[in-house]
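Subject: Structure handover

Hi there,

Here is the structure I promised to pass on. My notes on it follow below.

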Amino acid sequence: MSTTFQLDTSTSRAHPTPQPMRRLTIPAIRRRKVDGVTQEPIVMLTAYTARQAQLLDAHCDLLLVGDSLGQVIYGLDSSVPVTLDMMIAHGAAVVRGSYHAAVLVDLPFGTYEASPEAAFATASRVLKETGCAGVKLEGGAAMAETVAFLTARGIPVMGHVGLTPQAVNVLGGYNARGRSDAEADKIVGDAQALDQAGAFAIVVEGVVEPIAVAATKAVSCPTIGIGGSVECDGQVLVTEDMLGMFERVPRFVKRYEDLATTISKAVETYAGEVRSRTFPTADQTYQPK
């Protein structure tokens with residue numbers, strides 16, 4: 001038995017609750033791909049809060065505390081300004097709100113690139129302070145030594161190739177990658193380098209479909225597509241994008257709901273009741289319409 005912090009939805013507070021150790025493990029995720037084939041695709045979504053993790057957990061294999069929280073939660077222009085303290089705070093919340101999915105935390109820009117030793121200092125702090133199962137970092141062949149260093153020291157690593165948002169200033173934007181032969185070869189080579197270094201999975205983001213397929217076939221570990229191909233071994237989306245929380249989303253995102261409109265209408269109704277003094281008081285029983 002292990003103790004996890006389950007969020008009590010009746011009070012919105014976390015209470016220690018004994019739970020059987022039922023989380024998916026990183027080795028179990030890695031074993032999904034056998035001889036180049038993944039029979040059961042891997043389901044991954046982003047999560048940033050305990051309550052969000054609760055709602056997603058039962059349906060996902062992996063929950064990613066992405067540095068996309070810079071834009072989604074903090075309204076930043078990119079993920080570049082995101083700090084390690086931000087990632088740890090949100091990572092710990094997601095771990096507290098989940099018990100089934102394996103939780104991964106992005107290493108933020110500037111906290112791991114200088115050397116494998118710097119990456120280990122950052123990643124070990126993330127694991128200690130959040131309780132997550134592993135970390136994700138961006139970069140291909142240039143990060144292979146770091147991936148091997150971390151893996152050899154007990155830190156599972158998910159790689160990330162193709163469109164790497166932390167490198168937006170070098171890439172010049174968020175356009176699809178792999179359109180030239182040289183860039184396509186580099187993306188596949190980057191994926192192979194990470195695979196050989198010990199990455200348990202690799203995100204393939206924003207690349208033209210034939211390159212996503214080629215990268216998936218070229219590596220022994222699972223690939224997780226985002227704007228890549230359905231032929232990847234799994235898929236990930238930013239949860240707020242697929243739930244319709246923003247007016248603008250990447251072209252490859254399917255909106256499964258329009259929560260922004262739902263929330264706006266609910267708040268409009270609440271505001272109207274307050275202003276018309278029809279808002280229910282403590283001694284009234286609210287009857288849903």
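Is Tyr270 buried, partly exposed or exposed? Tyr270 counts as partly exposed because its relative accessibility is 44%, where buried means under 20% relative accessible area, exposed over 50%, and partly exposed in between (1.4 Å probe, protein chains only).

A word on the basis: this is a predicted model, where local features need pLDDT of at least 70, side-chain atom pairs count only at pLDDT 80 or more, and totals for chains, interfaces and linings use all residues. Residues are numbered from 1 along each chain as its sequence is written, and side-chain values use heavy atoms, with hydrogens and water left out.

Tyr270 sits in helix 11 (residues 259–275); helices (H or I, at least four residues) and strands (E, at least two) are DSSP runs, numbered from the N terminus. Together with Met245, Ile263, Val267, Val274 and Phe279, Tyr270 makes a nonpolar surface patch of about 520 Å². Areas come from the Shrake-Rupley method with a 1.4 Å probe; for residues, only the protein chains shown count as cover.

On to the strands, which pair if DSSP finds at least two bridges between them. Strand 12 (residues 234–237) runs parallel to strand 5 (residues 42–46), with four bridges, and parallel to strand 11 (residues 223–226), with two. Gln235 in strand 12 is the bridge partner of Val43 and also of Gly225.

Best wishes

Note on methods
Patch = residues over 30% accessible without salt bridge, like charges linked within 9 Å, V, L, I, M, F, W, Y side chains within 5 Å. Salt bridge = Lys/Arg side-chain N within 4 Å of Asp/Glu carboxyl O.
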